[in-house]
Number of protein chains: 2
Amino acid sequence: MTFCLFFQVLNCEYAVRGEIVTLAQKLQQDLQANPGSHPFDEILYCNIGNPQSLGQYPITFFREVLALCDHPTLLDKSDSHGLFSSDSIERAWRILDQIPGRATGAYSHSQGIKGLRDTIASGIEARDGFPADPNDIFLTDGASPGVHMMMQLLIRSENDGILCPIPQYPLYSASITLHGGKLVPYYLNEETGWGLEIPELKKQLEDAKSKGINLRALVVINPGNPTGQVLPKENQQEIVKFCKEEGLVLLADEVYQENIYVPEKKFHSFKKVSRSMGYGENDISVVSFQSVSKGYYGECGKRGGYFEVTGFSSEVREQIYKMASVNLCSNVSGQILASLVMSPPEVGDDSYESYFAEKDEILTSMARRAKTLEEAFNKLEGVTCNKAEGAMYLFPRIQLPNKAIESAKAENSVPDAFYCKQLLQATGIVFVPGSGFGQVPGTWHFRCTILPQEEKIPAIITRLTKFHENFMDQFHD
Amino acid sequence: MTFCLFFQVLNCEYAVRGEIVTLAQKLQQDLQANPGSHPFDEILYCNIGNPQSLGQYPITFFREVLALCDHPTLLDKSDSHGLFSSDSIERAWRILDQIPGRATGAYSHSQGIKGLRDTIASGIEARDGFPADPNDIFLTDGASPGVHMMMQLLIRSENDGILCPIPQYPLYSASITLHGGKLVPYYLNEETGWGLEIPELKKQLEDAKSKGINLRALVVINPGNPTGQVLPKENQQEIVKFCKEEGLVLLADEVYQENIYVPEKKFHSFKKVSRSMGYGENDISVVSFQSVSKGYYGECGKRGGYFEVTGFSSEVREQIYKMASVNLCSNVSGQILASLVMSPPEVGDDSYESYFAEKDEILTSMARRAKTLEEAFNKLEGVTCNKAEGAMYLFPRIQLPNKAIESAKAENSVPDAFYCKQLLQATGIVFVPGSGFGQVPGTWHFRCTILPQEEKIPAIITRLTKFHENFMDQFHD
């Protein structure tokens, strides 16, 4: 039958799962079917922030609690006490007591289980030093559905615009496209370590206004994806002031709040920054997105997360609630996990030492991997790479030779995608082309996660370096 | 700040979580704060198909497997063998082997883990006797996101229409509204046990066409929600023929396929029916929605489900894949559960007897509850109720006295909502007004689930009967 699809869907692209990844999956199948069919023996996925797919173990305490909540019969059996830490057992009891009827298999309140939202609100208060209201929290199946929900609410017509960083995580461009709005780009300054500069924001805002676009919100990703920068507090204050003055909703993607690798930077939530400036509920609308997929825990497959909304009228809150209720509720295991990451074991708890050791090992290893990869990229001819202060990515810039750019065009490829495709076919390494995130026209980048296990990093660097030398030789001007 | 919301969100209503339920939650808080503050001591939720919230236990085998997959370390410990059935341990190993890297905390393939889709495809083949392709299966966080995805794909403009039963489950009206399309109603015939009659379909189709609406798809809910009928196979054949002739996508909501209570009826999937008629991939587009929330298992909080798409071009399939990839993947526990409900323990497995006993007890009890409630409704003055052949609901019709209708209007209430509100305030029983599902204008209904535990049914009937007598006395013409 003939079939027409509406244009938003056709226009929506999702680079981190796009063409290169599809090719990688095909090559992996080749390797399984015919070992030796390619000049590498495995695919090295550096395309997506998916730590456990690359061998990172889950945090034991979190999984103990999840298993006990999934099968509470275990709590009644004395044999279980040899298999689980005592605080995981206590925590599971506490969580079950927070769930009406202890029914982990029941639809919950559309915003998420109230007791779990209480725990999350306490975690936010402990983090920020400012009050948090459990009624402001909406639990979601990961951060993405929360972003979609806000875009659906904010975008009324094709004249509504959302200010988004470039480069950006393609969830934003995809969601704005799907909901029929306009992405108004503001460029991060690569020269100043992907700085978010207010004059650029103002320039883009005025430009959009002059085209008749109604600006609704500003997206900030901090720590940055794909760019890895951590915003200084003073910069965050300027951003808050800008949103306040322009009446923009501040959509703060804060899913990497636990991933910071440099001692001179610290995470500050935008809500904390705005409250520190004396702005309250009536002054500014801030939405903070959090996820169980990132942090040191990296529980992507569990699809847990929340967003906290402050500074919205009760009328708008009711609309958000109604949107949430159309999908009934987010998955309860993900809800439990969201409460756990916001209230992990504390000093004195049975699990604390092993928990802390697991967390510390993951984060210090990520910091080492970020540094090692950054240094390796900076040694490549024509490549410069800012450091990853946070998040899970490096976003090096590559000066592609003209011949490479022409060869790419000859096969209808974007030049950075051409580079990534050649890299994949020669080495099995999967990077995402910068064009999937947006970049200053005429510049080329790629995104590389810092997530391959540490023992694989030397091989990645060796293979990449060799490939890069050959590539530059081949396409030398 | 002032805030405008786009009209689709404002227009979208969700009765099963609407005004009456909000009132019930308020009354429940009252009762907790001030016991004795209302003429009942508990709220009896009959508003939503959420079995475990009302005390139904999860199926042990499913939860054993989930706990083992959540915390696979248990599999290595000999103590676990005393705590888990041997086939749950085997199954957990098998599932972990199907997950790349055994990483239950990793994002999966956007359609869901391939090995689990293989299992589901085998389950569909065993059910239908026709081949099923794992690449046709998209795992989702419950059935609702799958329905939204299809609506987003099908609806291109406000002139695109979707044929929906009236009464219908409000997911459909909400989703069509959110995506900016037109719900084209077809009425089920209450006189013939909520019959789905082809002349009515044709009439509504012609009427919509004459108004310039492009019809895209037909929604059929079988077994019916809120109406509880199970379609006869011959009727399904007529429906398939109608879709084939009119070039409509058949959206088959088959989430109650395990919930059938009368020996003379059997579930036939629409794919099976169309294949039995000799229609293949090139003849008709069928989408079948399934969920872990319904059936005898009722795992609503786990948010698992899938849809199977057949008869779409590869171009459209790619668009569906792209949509799925924007949210990365559905939750892995829900994916595992979806594979389990499509491949439960078999004769000879360690768990089989206890599994079968649990399943049988739930389904036979539901059948008894359906019958008892149906009989009770039919004894009420002015109430007639078709039997629930399947699903989880009864949808009785009530002839409201004129005085009641006038009193409702005087307080700006819809008459059936007025009845349900009075019932709630007098008895604590929560029904959903028929107006939330749609009904023939001038008729009034309410939906009641068959899910309260069996020992509570007599009290529900006694309280309802007493309330109803008083209500009819009070508003007698």
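A salt bridge here is a side-chain nitrogen of Lys or Arg within 4 Å of a carboxyl oxygen of Asp or Glu. This is a predicted model, in which local features need pLDDT of at least 70, side-chain atom pairs count only at pLDDT 80 or more, and totals for chains, interfaces and linings use all residues. Residues are numbered from 1 along each chain as its sequence is written, chains are lettered from A and ligands numbered from 1 in the order written, and side-chain values use heavy atoms, leaving out hydrogens and water.

**View 1. A:Asp160 pairs with A:Arg216.** The closest N and O atoms of this salt bridge are 3.9 Å apart. A:Asp160 sits in strand 3 (residues 160–166) of chain A and A:Arg216 in strand 5 (residues 214–221) of chain A, so the bridge ties together parts 56 residues apart in sequence. Strands (E, at least two residues) and helices (H or I, at least four) are DSSP runs, numbered from the N terminus. Both A:Asp160 and A:Arg216 are buried; buried means under 20% relative accessible area, exposed over 50%, and partly exposed in between (1.4 Å probe, protein chains only).

**View 2. A:Glu374 meets A:Lys371 in a salt bridge.** Here the N to O distance is 3.4 Å. The two residues are three apart in helix 14 (residues 352–379) of chain A, so about one helical turn separates them. A:Glu374 is buried at 12% relative accessibility, whereas A:Lys371 is partly exposed at 39%.

**View 3. In chain B, B:Asp160 bridges to B:Arg216.** Their closest N and O atoms lie 3.9 Å apart. B:Asp160 belongs to strand 3 (residues 160–166) of chain B and B:Arg216 to strand 5 (residues 214–221) of chain B. Relative accessible area is 1% for B:Asp160, which is therefore buried, and 12% for B:Arg216, also buried.
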